[in-house]
Amino acid sequence: EAGVGGFYQNKKTFFSFFFILVCDPADVISTVEFNQTGEFLATGDKGGRVVIFQREPQGEYNVYSTFQSHEPEFDYLKSLEIEERINKIRWLPLHNPAHFLLATNDKTIKLWKVSERDKRAEGYNLRDEEGRLKDLSTVTTLQVPVLRPMDLLVEASPRRVFANAHAYHINSISVNSDCETYLSADDLRINLWNLNITDRSFNIVDLKPENMEDLSEVITVAEFHPHHCHLLAFSSSTGTTRLCDMRASALCDQHAKLFEEAADPSHRSFFSEIVSSVSDVKFSHSGRYLLTRDYLTVKVWDLNMENKPVETYQVHDYLRTKLCSLYESDCIFDKFECAWNGTDSVIMTGAYNNYFRMFDRASLRDVTLEASREVCKRRAVLQPRRVCVGKKQKETDVSVDSLDFRKKILHTAWHPKENIIAIAASNNLYIFQDRLTPNGHHNTPEIQSAPPKWQTQPNPPTY
Amino acid sequence: MAGAEGDDSLYPIAVLIDELRNEDVQLRLNSIKKLSTIALALGVERTRTELLPFLTDTIYDEDEVLLALAEQLGSFTVLVGGPEFVHCLLPPLESLATVEETVVRDKAVESLQKISQEHSPVDLEVHFVPLVKRLASGDWFTSRTSACGLFSVCYPRVSSTVKAEIRQHFRTLCSDDTPMVRRAASSKLGEFAKVLELDYVKSDIIPLFTALASDEQDSVRLLAVEAGVSIATLLPQEDLEDLVMPTLRQAAEDKSWRVRYMVADKFSELQKAVGPEITKNDLVPAFQNLLKDCEAEVRTAAANKVKVFCESLPEDSRETIIMTHILPCVKELVSDTNQHVKSALASVIMGLSTILGKDNTVEHLLPLFLVQLKDEYPEVRLNIISNLDCVNEVIGIRQLSQSLLPAIVELAEDAKWRVRLAIIEYMPLLAGQLGVEFFDEKLNSLCMAWLIDHVYAIREAATCNLMKLVEKFGAEWAQNTIVPKVLGMANDSNYLHRMTTLFCINALSEVCGQEITTKHMLPVVLKMSTDQVANVRFNVARCLQKIGPVLDSSALQADVKPVLEKLATDQDMDVKYFALEAISVITLINGHTVYDSM
């Protein structure tokens, strides 16, 4: 029965993810990021901690290192508390056997080195190994310490602190493909840093108007192109994404391209601008496409076409009628992230009720999955979920009115090469793996052609 | 017996060795810095067999410790037994050359370069070259970047077979997957080219240079510019046009402003390397374009080079080129939209006057100076003023004085105190060039006004300025013009101004000499000892201490002594402290003649 069930699942979904780990850090997870090889996964939380997981040869992820990256601080000049919450983590390309990552809170970016040590020095001249002083009369020859093997010790040490460059809250950091520089963005400015220099950075984008009353937009995300060291994209609260070419001039106030879809005047409402604010931008691994997430949709843009996205996927269109109550509860300002899979063929993003969504670009099929303690039994295959507007068609359907808006999946990450995903839901981290790649060798999951029944979209809601 | 003696001499070394592993970084650092002492005590053999293996594995340490270690090992040859054993130093330096910290790697490479010279030709091929190859083909980019700096030191001293291998390794690194390694190769290309035979420069280096100069990453391309300059110096003139110039021309017009910036920044070196003919035909138009570049950073870099570029133009056509090609661009830069461009230009533009001579300066440059003297940015005006000496030699400063004065006055009253500070520092220079008359008439009042500035740094600079002016104009001038004004401030109602009088006296007493000090200044100081503000009183004590050496002993005995004694019984403890300090210092310098009764 189970075997049949697995097969059955496999026919129904383009991925049949099963659950491999749930981890419960002390605090609400605020960012999730795989490193370049996917062997490591880092999470940052509200309490300023970074937890790093390492993939074991069997495919499981285990805690590798945990360290306190940021502490709460107080800005005495502005009388402001600076939270320790980790806003973003970015891994650096591999240097040497140690691993390096940048972690930032609202104000300060830190470069951490995570390294292993398996030897320690032994042999003192003047004291024994317990640290007691020796009788000096017994010291007749000099002894040079020798290194002996010991149990593996993983150490995290702060290598650089990049501080005092942001007047507003840092929302993004991104490492350049030249491996020498990175950017940090706050609400109004983007700064360019050299990874080796902490005492100065260059301001490359400044949206701050002379008079703050003229402020019309804020920067929401910024990211470097994966291959071209001179290109960067940043998006704004008005729903636009700009591409800048750093070759053209030292200040990137003039964009090279502006990606914006003309608003449909018939749909304009009080909420139009709020829901069009871009909450995440990700370049595809190929560098050809940009993925943007706004409140209700994810969009794929071809870098060569600025006037409209090449693909638009509805994440939870059924919320369109609920914007008013979502506004009142502030949910409408939630910043959902989005992710590409390793081959840029599938898109993932989060939603409410601990649901997350996947969209297959070739077959245009999509699925809603749930990450929660209740459904995540070890090695259990995730069952697709369906939200219905109006009457339930099936026993397992969930009505829009019963969605829990406090349970939201904002942060997700996809392994750079394999079909392994990490989902942060409040203070739980879930890692799921496609059952087609149990050993991590099978990279291209088979995509079934016949659209299964549950995938048909609910009838378009009437407004 | 020998043992007991041994203990004593062993002890400090034992401490040093133990502190190599101390938890305190500072102690570890101290120990590493005395590594030669440890090695000396251990002897050459134990250094080789025990100390170096231990150090090879200590790469976990803090950067500053590793940096010190990398430096020490560069001069360790004697301590391991001389050149015969120098290769024992390779393993620890090899591991240091792979760490992630750039400064440590660079220092390790520097030490490796140093000890490579101490290898015999045989050892070089047996030990050193294999290390370079290992680094060059290492898994981590850190080791490959380090390798780039080592090829040039071994190449001249190895057999032709090994030379071919080294060239091959360098080629491979120039097309490495990671931009970091290509950057390292690009920055070492010029250095490597210098040790290669000319034929190989043409057959190997030129293609690599061309490839790196058109790399997809602009951070690699910009480093190739400098390599291009080095390569150009190596090639005979007739080859430059075909082998180097196309690439350099392309760099000067690169799509990325950072590459063009690099060309502008290296322009003088480039000019020297390619010689007068190419300069005339190629560099002059290229320089014009850089001066008109759309990116302000590039224009700034080019503007900085205007004077040096013009100076080094071939003499026969210098004036024509400047007048017809460069000067029109310079004229545009004077009204550039970017303040950094204008300020860069202002710092060199005066230098053109010596090249162009009196008539051209008056006709063409002077109007530009005058425009810049009225620029809206203080830095531009300051840069013009700070370089006045160049024009003074050619046309005399009087030509400028009409415009100079308003500019100076405006800067002197600028709202930013740093600007005021900057102009004060040029005052002695200006005074020297404008002469005492002009100074008394126009600038003296400014100098006095700074004494009551509300920023302490300005008041302090103003007192120092007075001293320098007296050095220029002499004591008599001081007595007539500034001393009365300074002393007048002693009756000011603001205690800060009263203190300024004391600070001025501190600065002026020595240059004014004994007579003025005793006759005019001392009475005022003494009178101020009864000031109601304690800060003034203790500054009186400090002032007396300062001017003591200028006074004669009778004045000290009769006037200074009673006042200091009285201040030494002041209720305020600071006043007491400084009074007692002054007494003891004056006693010392007077050889106990004055205060022997105390």
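How many helices and strands are there in chain A? Chain A has 3 helices and 32 strands (DSSP runs, numbered from the N terminus: H or I of at least four residues for helices, E of at least two for strands). Keep in mind that this is a predicted model, where local features need pLDDT of at least 70, side-chain atom pairs count only at pLDDT 80 or more, and totals for chains, interfaces and linings use all residues. Residues are numbered from 1 along each chain as its sequence is written, chains are lettered from A and ligands numbered from 1 in the order in which they are written, and side-chain values use heavy atoms, with hydrogens and water left out.

**Chain A on its own**
- Of its 463 residues, 55% count as buried (under 20% relative accessible area, with exposed meaning over 50% and partly exposed in between; 1.4 Å probe, protein chains only).
- Take the chain A contacts (heavy atoms within 4.5 Å) with a separation of 6 or more: 55% of them join residues 24 or more positions apart.

**Where the two chains meet**
- On the chain B side, 39 residues are in contact with 43 residues of chain A.
- Together the chains bury about 3700 Å², 54% of it on carbon and sulfur atoms (the accessible area, 1.4 Å probe, that two parts lose on being put together, summed over both).
- In chain B, the residues that lose the most area to chain A are B:Arg21, B:Tyr60 and B:Glu100, together 21% of what that side buries.

**Polar and charged pairs across the interface**
- The rule finds 7 salt bridges between chain B and chain A (a side-chain nitrogen of Lys or Arg within 4 Å of a carboxyl oxygen of Asp or Glu).
- A:Arg159 forms a salt bridge with B:Glu101, and their closest N and O atoms are 3.3 Å apart.
- H1(B) gives the most to the side of chain B that touches chain A, namely 8 residues.
- By class, that side of chain B has 17 nonpolar, 6 polar and 16 charged residues (Ala, Val, Leu, Ile, Met, Phe, Trp, Tyr, Cys and Pro are nonpolar, Asp, Glu, Lys and Arg charged, and the others, Gly among them, polar).

**Cysteines**
- Over all chains there are 0 disulfides (pairs of cysteine sulfur atoms within 2.5 Å).
- A:Cys179 has its closest cysteine sulfur in A:Cys229, 9.9 Å away, so that is too far for a bond; A:Cys179 counts as buried, at 19% relative accessibility.
- For B:Cys329, the closest cysteine sulfur is in B:Cys310, 10 Å away and also too far for a bond; B:Cys329 is buried at 3%.
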